[in-house]
Amino acid sequence: MAITDHDTTGGWADAAAARPDGLRLVRGAELSCRWHGAEPSISLHLLAYLFDPAEPALAESMRRLRVDREQRGEKIVEKLRADGVPITWTEVYGYAAGGSVGRPHIAQALIRAGLVTSVTEAFASRWLGARYFVPKADLDVFDAVAAVRAAGGVPVFAHPRATKRGRVVPDELIVALADVGLFGLEADHEDHSPAEREEIRALADRLGLVVTGSSDFHGTHKTVQLGAFVTAPEVYDKIVAAATGVPVLG
């Protein structure tokens, strides 16, 4: 199992302590990135597996992202409360449990308040998708790939064809990222249609990249189940062999 919280390694110690015998734990993070080759720019997520969290450049980049996410979360809560929505920053911050604060935590508060029934509804334009949306800071995706590699990690592009989430990047960007160290593409994901998964596999094969799966489990407030999508054992072995940052636990 991999732990890849957004922009933080704060859960690594708890995950390691809770790991049962026989379970191998891959430590990592999911980095908030942006490609500036389009107008407006396109946000994307980069999975970073088995990197050294003490590597200065990546550690500082992740620290800046966490600070920005917290400030952004407070601004969203302020906007909601100004319209009479009965949630508090203390509650939202508590849902993050010491990790990076994100819109899913605000969605939890909206669900608790009975204003929405799911995270998907909370992310719609009426709520966090547009009316109460606040932009966030992101890493340049090329800088992020380079930083993950410098920290001994393995970078994998998360849900690259998830059109239901919004705009996706062109193949040309993925080709360019492969040239500078991208290791794989996440194909099996709940936000990918069967056709999109096959497109990713074909592109990965053409570029010599590995293909991974991911349940992208964010907690019981979302419908996806832990382990709903998995990565092939032989791909896991390639990821482990390519990493020099931290070892797999177990």
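The model is predicted. Helix α7 packs against α6, with axes that come within 10 Å, and against α8, with axes 11 Å apart. Elsewhere, the side chain of Glu-91 makes a polar contact with that of Arg-112, and the side chain of Asp-83 makes one with that of Tyr-132. The backbone has a cis peptide bond from Glu-39 to Pro-40 and positive phi values at Asp-7 and Leu-50.

**Packing of α6 and α7**

- Helix α6 spans residues 141-150 and helix α7 spans residues 171-179; their axes cross at roughly 30°.
- Angles under 35 degrees count as roughly parallel, and α6 and α7 are therefore described as roughly parallel to each other.
- The crossing of α6 and α7 is right-handed.
- On the α6 side the contact is made by Val-141, Phe-142 and Val-145, and on the α7 side by Leu-173, Ala-176 and Leu-177.
- The contact of α6 with α7 consists of six nonpolar residues, with no polar and no charged ones.

**Packing of α7 and α8**

- Helix α8 covers residues 194-207 and packs with α7 at an angle of about 35°.
- The crossing of α7 and α8 is right-handed.
- From α7, the residues in the contact are Asp-171, Ile-174, Val-175 and Ala-178; from α8, they are Leu-203, Arg-206 and Leu-207.
- Sorted by class, the contact of α7 with α8 holds five nonpolar residues, two charged residues and no polar ones.

**Glu-91 in α3**

- Glu-91 is part of helix α3, which runs over residues 89-96.
- The relative accessible area of Glu-91 is 17%; buried means under 20%, so Glu-91 counts as buried.
- Apart from neighbours within four places in sequence, Glu-91 is in contact with Ala-109 and Arg-112.
- The polar contact between the side chains of Glu-91 and Arg-112 has a distance of 2.8 Å.

- Asp-83 sits in the loop between α2 (56-82) and α3, and is partly exposed, with a relative accessible area of 45%.
- With neighbours within four places in sequence left aside, Asp-83 is in contact with Arg-131 and Tyr-132.
- The side chains of Asp-83 and Tyr-132 make their polar contact at 2.6 Å.
- Between Asp-83 and Asp-216 there are 133 residues of separation in sequence and 32 Å in space, C-alpha to C-alpha.
- Arg-24 belongs to the loop between α1 (12-18) and β2 (26-35), and its relative accessibility of 46% makes it partly exposed.
- Arg-24 and Met-1 are 23 residues apart in sequence, with their C-alpha atoms 6.3 Å apart.
- Not counting residues up to four places away in sequence, Arg-24 touches Met-1, Tyr-236, Val-248, Leu-249 and Gly-250.

**Backbone geometry**

- Most peptide bonds are trans, and most residues other than glycine have a negative phi.
- The bond from Glu-39 to Pro-40 is cis, with omega near 0°; Pro-40 is in the loop between β2 and β3 (42-49).
- Asp-7 is not a glycine but has a positive phi of about 60°.
- The location of Asp-7 is the loop between β1 (2-3) and α1, where Asp-7 is buried at 0% relative accessibility.
- Leu-50, also a residue other than glycine, has a positive phi near 60°.
- Leu-50 is in the loop between β3 and α2 and is buried, with a relative accessible area of 1%.

Terms used:
Residues are numbered from 1 along each chain as its sequence is written. This is a predicted model: local features need pLDDT of at least 70, side-chain atom pairs count only at pLDDT 80 or more; totals for chains, interfaces and linings use all residues. Side-chain values use heavy atoms; hydrogens and water are left out. Axes are lines fitted to C-alpha atoms, for helices over the stretch in contact, and angles run from 0 to 180 degrees between N-to-C directions. Helices (H or I, at least four residues) and strands (E, at least two) are DSSP runs, numbered from the N terminus. Angles under 35 degrees count as roughly parallel, over 145 as roughly antiparallel, 65 to 115 as roughly perpendicular and the rest as oblique. A crossing is left-handed if the near helix is turned anticlockwise from the far one by less than a right angle, and right-handed if clockwise. Contact means heavy atoms within 4.5 Å. Ala, Val, Leu, Ile, Met, Phe, Trp, Tyr, Cys and Pro count as nonpolar, Asp, Glu, Lys and Arg as charged, and the others, Gly among them, as polar. Buried means under 20% relative accessible area, exposed over 50%, partly exposed in between (1.4 Å probe, protein chains only). A polar contact is a pair of N or O atoms within 3.5 Å; within protein, one must be able to donate a hydrogen and the other to accept it, and residues adjacent in sequence count only if both atoms are side-chain atoms.
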